[in-house]
Amino acid sequence: MGTIAVAGQFLDLIASQIRMASKRTPGLSATAFRKKFRTGMTVRNYRDKEIVFSQGDTADALFYIQSGTVKLTVVSARRKKAIIAFLQRGSFFGEGCLAGQSLRICTARSIGASNITRLRKDITVRTLRRDPQFAALFVEYLLARVVRIEEDLVDQFFNFSERRLARVLLLFGHIIEESKPDSPLKVSQSTLAEMVGTTRARVSHFMTRFRKKGLVRYNGGLQINSALVIGFLQSRPMSVVTKT
């Protein structure tokens with residue numbers, strides 16, 4: 001199998017994850033959670049940039065995004081900050097508590113207005129054991145996250161920063177399409193550089209090229225032409241080659 005075929009599989013994977021998220025959300029509404037968890041859950045609206053939990057907090061609950069977007073960041077002992085994920089509607093986060101994590105290893109912050117369900121750890125563990133349907137949905141989500149992380153690692157190790165930036169923009173394009181924010185999405189080039197793992201100057205150079213090609217434009221905020229970004233990724237396949 002050649003590199004173009006691998007790139008095609010990757011783009012199919014993106015599409016399948018989007019479809020999977022759209023199918024999963026109706027079965028995990030606040031009402032559905034309430035039937036399963038009863039007093040073991042709470043629902044709260046978060047404002048833009050409001051913290052859901054902070055790095056170092058006690059890990060005692062799992063969270064689910066009913067609407068909106070959540071950013072996960074981590075800060076090292078030397079105060080170096082890294083963005084590790086942007087999660088959209090239909091995503092769980094804070095699941096490390098189910099694997100013995102006693103303290104949060106990252107900070108979760110709402111990007112724009114978000115509606116988030118909090119599920120107590122003990123009730124979640126009991127529901128996973130007793131409810132096969134919920135357990136299957138949760139495992140399906142975790143597998144999709146694992147695949148996404150593997151793809152990110154491949155990009156980080158083997159692919160050019162220009163391609164990594166295009167993938168990040170595709171993610172933001174889906175966030176905009178999914179959440180339909182009231183105001184344009186504002187993402188700094190420093191944030192993009194953190195996510196891509198390159199310098200702000202390089203991001204500025206690539207964004208200028210992308211703007212000239214019509215992949216992005218600025219109109220009070222960042223606007224992304226997802227179709228053109230996908231076409232760009234198809235023309236620059238992943239650097240990983242699998243054996244036939």
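Author: Phe-92 is buried, with a relative accessible area of 0%; buried means under 20%, exposed over 50% and partly exposed in between, using a 1.4 Å probe and protein chains only. This is a predicted model, in which local features need pLDDT of at least 70, side-chain atom pairs count only at pLDDT 80 or more, and totals for chains, interfaces and linings use all residues. Residues are numbered from 1 along each chain as its sequence is written, and side-chain values use heavy atoms, leaving out hydrogens and water.

Phe-138 also counts as buried, at 6% relative accessibility. Phe-92 and Phe-138 form an edge-to-face aromatic pair, 5.0 Å centre to centre with 90° between the planes. Rings of Phe, Tyr and Trp (its six-membered ring) pair if their centres lie within 6.5 Å; planes under 30 degrees apart count as stacked, over 60 as edge-to-face and the rest as tilted. Phe-92 lies in strand β5 and Phe-138 in helix α4, so this pair ties together parts 46 residues apart in sequence. Helices (H or I, at least four residues) and strands (E, at least two) are DSSP runs, numbered from the N terminus.

Ring pairs also link Phe-92 and Phe-138 into a cluster with Phe-33, Phe-37, Tyr-64, Phe-134 and Tyr-141. The structure holds 14 aromatic pairs. One of them is stacked: Phe-63 and Phe-93, at 5.2 Å centre to centre and 15° between the planes. Phe-63 belongs to strand β3 (residues 61–75) and Phe-93 to strand β5 (residues 92–93), 30 residues apart. Phe-63 is buried at 4% relative accessible area, and Phe-93 is buried at 1%.
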